[in-house]
Amino acid sequence: MSENRKSGRRYKNSFFYQEENEWRFEHNNLQEFLAAQYIAELDWEQQKQIILLDNGKLKPKWLNAFSFLVNIAKPSGELIQYFIEKDIDSLVKTEPDKVDRTIRNDVFKGILNKHKAEDSIIWNKTYTEQDLYNFVKLEKNSEVIEFLITELSVENAKQQVISNAVRVLSHLKSSGQYLHKIQPLYLVLLNRNGIHKYGCSREIIQSFSKWKLFSKEVKDQLIATENLYDKDGPLSSLCHYLADGKFDDITGEQVHKLVEAFSEQRFVGSEYSLFDVVRLLSKEELINLIVAETPANNKNRERTWKRDLYEVLGIQAIELYDSDSCVTKAIIDFVYTSYRFHEKEYGKQFKIFFERTEQVESVFKSCFLRDLNNSSNRRREYFIVPALIANQECLDWVIEMYLGGKIPDKLIWYFIGVLSIVENYEKGRVFQEKLSLVAGRKFNDDTSELNSFTTRVEQLEYEILLNRKLAIACVKKAFGFIKRSRISREDLIEIRWSDDNIPKDPELIVGLEFLITHSDNDEEIEKDLFLERLSNEDQWEDIILDKYAYAYSSNNLPRENIEWIVNWCKTNSCKVNFEGSLTKNGDGGYTYDNKTALFVQFAVFFNVEIEENIMLEMTGWMGINKMITSGGGNINDYRVYAYLKKHLNIETLKARIAENIRKESDMIEPVLVEHVEVVKEERWTEAAEYLPHYLNSPYVKRYVRREVLDTYEFLGGDCEMILPSLKLVELGGSDNYYDWNLVDYFVKHKRPEVLEFMKTQVDCPNVDQVKLGIYMMNYGERQGAELILRNLANAQLNERESLQKMVGKMEPENSEFLIDFLTGLFSVYAGGNMGKDGFGSLFPVIFEKFLEIIKRFPQKETVIYSKLDKIFEEIPHNETIGNARYHYYELKERVNIEKDKECTIRQAINELRGMGILNEV
C-alpha cells in the first residue's frame, strides 16, 4: 500500500467504502492479505509481538491473515518452525503451499499420534478433518493415505484411531488407486464391535456412496453384515447407499429385515430413507415383502413411519400391477390380518390399490362371499376388506343378496358394525337408509331410543331422593323382579349387569341400583327390614345424604335437588356440633363426623350463606375439605377458606385463623398445613411469631414442619426463634428432606450454630457426606472441600445439581484454594469414570470456573494447565477422561479468544506506531 501511496486516491473507491469519518476495506481478505504482506517483511521478534498472545498462541483474530502469512514467509523461516513446535492447532487451519510436504506430513502424523496417545477424536473446536485434509493436500498425498490405511489395518486398534482415520479419508473425492486396499478394509471394520461409535460406520457407508462403489460384491457384503442392523447401526446410510446404487436385485426379505431393524432404532425420523429402497423392488419381491410384513401377532405398535411405508407399498403395487392375482392376494391377506391384530391404520393404506387397479367390485364380492360362507366361525377381521373398499354398487349388491334370502339378519348387523370399524361411516349411513326402505325399521339405528331410556333412568335416580314413596315403589319393583326376600349384593350386581332378560323398565333399574348402593358386601339385604328402614325419618335422611355425598358435584344435578341440599344446610346449621367433629387417631390419622363433613362440603360447594359464628367454626375444617369436583374447576374454588373469604370480614377471619394457630393445640395436620398456606398466601407477616412452636416441637410431623418452615422463611421470621429445632434434625434418617431444608435455611442465614452441628455429622453413618461438604463450604470450610473429594466417588446422583450450583457460585478471589478444589474434584470425577453415570453436566461448570479464574488472574493460566496436564497423564484412560479432553481443548480455545478480545484494529495500529513499525498513512 505504501508503494502505491501517490495513486491511492485513484483506487480508493474500488477497494474501500466510507463509514462516517472512516474508510474501510470492501473485503476483509484484502485487508488481511495486505497485513500479512507487510508483516512478512518484519523480523521474527517483531512478528511475534503482533500476532501472538502472551501465552505464545496465535491471536484468533489473526487466523485469516496468518493463512496468507505462512505462504508469503520463508518456508524454512522461524515463523513456520515456531508454529510446528508451539501451535500446530493454528498451523493446520491454513493451506501452506510453500511449506515442504515432508514437514506437513510429519505435522499431520504428529497430530494423529497425539490423538492416539490421548484416546481422543478430532474435535471441531480446534481443527476439523477438513482442515487436516486441506493442510496435507490429501487428494494427491500417497504417503498420508498409506499412513491412514496402515492405522486402520492395525489389529485391535482403538475406536478413536479408526474414527479419526475414516473421517479424514471420507473427504477424498475418490478412492482412486487405493480402492483395492480401502474397500476390503472398510468391509472388515463394519463387523467390528463398537464401530458405530462416533458415527464411524455411517462415515464408511457414506464414503462408499460418495466414491460410487456400487458393485454387487460391496452391496451383498453390506446387506449380510449383521452389525449394521444393531439399534445404533447406520441403517439410513445403508438405505441411501442401496437407493443411490439403483440395485435391481434387492429382495423383499432383505427390505423386511431393514424394517425390523428400524423398528428397534434409537433414532426417530431416519426411517424414510427406506422408502427409496422399496421402489427398487420387482413385482415378485414386492409380494414377498408384503407377505413378510403381514402381522403375525399383536405385539407391533402402530408407528407413523410404518403407516407411510405401507402407503408407499400400495403405490408401488399399483405401478407393478398387471392383472396377476398374486399381488392382490398378498394385499388382501395383509389388510385382513392387520385389522385382526389391531393395526387398522396399516391396512387402510392399501384401499387406494383396489381403487386404482379397478378391482373394487370383484374383490368385494369374492371376499364377502368367502366371509359369508365362513360366518359360523366368525372372527374379528371378517368382512373387513369388503367394508373398507365398499362403493355404492357393492352395497346395492349386498341388499339384493339379503332380499334374496342369502344373508341372515345377524350378518347384516355384523357387516353394518364392520363398516363402522373401518370408519366407512358415510357408506354405512346410506346402506342403513336403503335397508330401511326395503326391510322396514328392522335395521334402524336405535341409538336415540337407548339415549331416551338412559336419560329417564338418570332423572328417576334424582326424583326418588325428593319423593320417598317413589323410592319405595322402585325398591318393591326390584324385589318383585328378584322374587326373593333376601339377596346378597354380589347377586344384585350379577342380575343388574349380566341378566339378558332384564326389562327396559326405568323404575326397575333404579330400584336395583338403589339396593346395590345401600348394601354391604358381607351382608344380605332382607326385603322387610330394608323397606322398614326407608320408612324411618332419620334413616331416610341418612340414605339421602349418603347418595348426595357422591352426586352433589355432578353437572347434571337437577335444580330441585340443589334446593333441597341448600335448605338442609340452612335448617341444620344450628344443629351441627363442630367440637370433637375432628379427632386424631393413635396411628397419626384422624376421624371425622360424617354429617359435619357433608354440611361443610355442601355449604362450600353451593355457597350457602349461614350464621357468622358457624362459619368461624368452619375454620377448623380448613384443609380437610380441599377437593376437585367431577364438574371440573380450580381447586381453590372449593376451599373452605375461599368460601369463608367471600362471606366474612377479612379482619375477622384473619383474627380467627391467627387465634387457631396461636392456641398451639394438637391441630389435625391437614388443617395446620392449610392454615399455614393461607397465612403465606395472604402475606400475614404478623403470624410468623406463632409458627416457631410447630418447628421446635418433636410432635409435629416432618412434612408439616417443612410447610411451616417454608412459610416462616417466606414471611421473614426471626431465625433466632427456631434455633431449638436443630436438636430435632436427623440427617441420617430415611425421611430427611425437611432436615436438609432446615440446614439449608440456617446456612443461608450464616448461623454459626449450624456449622458446629454439621461438624458433628462428619463421617456419621447414613449422612450424605457430599451434601454436608457442600453446605460446609458456604462457610469457607476446607473441611467441606475435603469431605466432597473424599466421598464424591460414592455420591448420589441427586447431588449433581447441588454440586453444579455450588461450583457455579464460588468466587475466584481465593484462587489457589479454588484451583486445588476444582482440580481435585475433576481428578476424582474423571478418575472414577463418573461421567457415564449421570454426572456429565458437571464438566462444563468446572471448566467455566477455570475460565473465570484465568480471566480474573491471567497468571494462573499456566498453573491450571499444568495441574490438568498432570491429571491427564496420571489417570488411566476411561470414557469420562476421554470426554474431558474436549472440554480442556475448548477451555484453551476460549482463553485465547478472551485474550484477543480487546485487541481492536485501531489499538493494533497504535501499537505498531508505538513500535516504530508503521508510519502515518
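**Helices 31 and 32**

I began with helix 31 (residues 527-535) and helix 32 (residues 537-551), whose axes are 5 Å apart and pack at an angle of about 95 degrees; axes here are lines fitted to C-alpha atoms, for helices over the stretch in contact, and angles run from 0 to 180 degrees between N-to-C directions. The two helices are therefore roughly perpendicular to each other, given that angles of 65 to 115 degrees count as roughly perpendicular, under 35 as roughly parallel, over 145 as roughly antiparallel and the rest as oblique. I note that helices (H or I, at least four residues) are DSSP runs, numbered from the N terminus. Arg 533, Leu 534 and Ser 535 of helix 31 make the contact with Glu 537, Gln 539, Trp 540 and Ile 543 of helix 32, where contact means heavy atoms within 4.5 Å. By class I found three nonpolar, two polar and two charged residues in this contact; Ala, Val, Leu, Ile, Met, Phe, Trp, Tyr, Cys and Pro count as nonpolar, Asp, Glu, Lys and Arg as charged, and the others, Gly among them, as polar.

**What I was working with**

I kept in mind that this is a predicted model, in which local features need pLDDT of at least 70 and side-chain atom pairs count only at pLDDT 80 or more, while totals for chains, interfaces and linings use all residues. Residues are numbered from 1 along each chain as its sequence is written, and side-chain values use heavy atoms, with hydrogens and water left out.

For helix 47 (residues 842-856) and helix 49, I found that the axes come within 10 Å and cross at roughly 30 degrees, which makes helix 47 roughly parallel to helix 49. The residues of this contact divide into ten nonpolar, two polar and four charged.

**His 877**

I found His 877 in the loop between helix 48 and helix 49, partly exposed with a relative accessible area of 37%; buried means under 20% relative accessible area, exposed over 50%, and partly exposed in between (1.4 Å probe, protein chains only). Leaving out residues up to four places away in sequence, His 877 touches Glu 118, Asp 119, Gln 160 and Gly 882. His 877 and Glu 118 are 759 residues apart in sequence, yet 7.8 Å apart in space, C-alpha to C-alpha.

**Val 566**

I then checked Val 566, which lies in helix 33 (residues 559-572) and counts as buried at 18% relative accessibility. Val 566 touches Phe 606 and Val 608, not counting residues up to four places away in sequence.

**Helices 17 and 19**

Last, I read that the buried residues of helix 17 (residues 283-293), including Leu 286, Ile 287 and Ile 290, pack against helix 15 (252-263), helix 16 (274-278), helix 18 (304-320) and helix 19. Just after helix 19, His 342 takes a positive phi of about 65 degrees.
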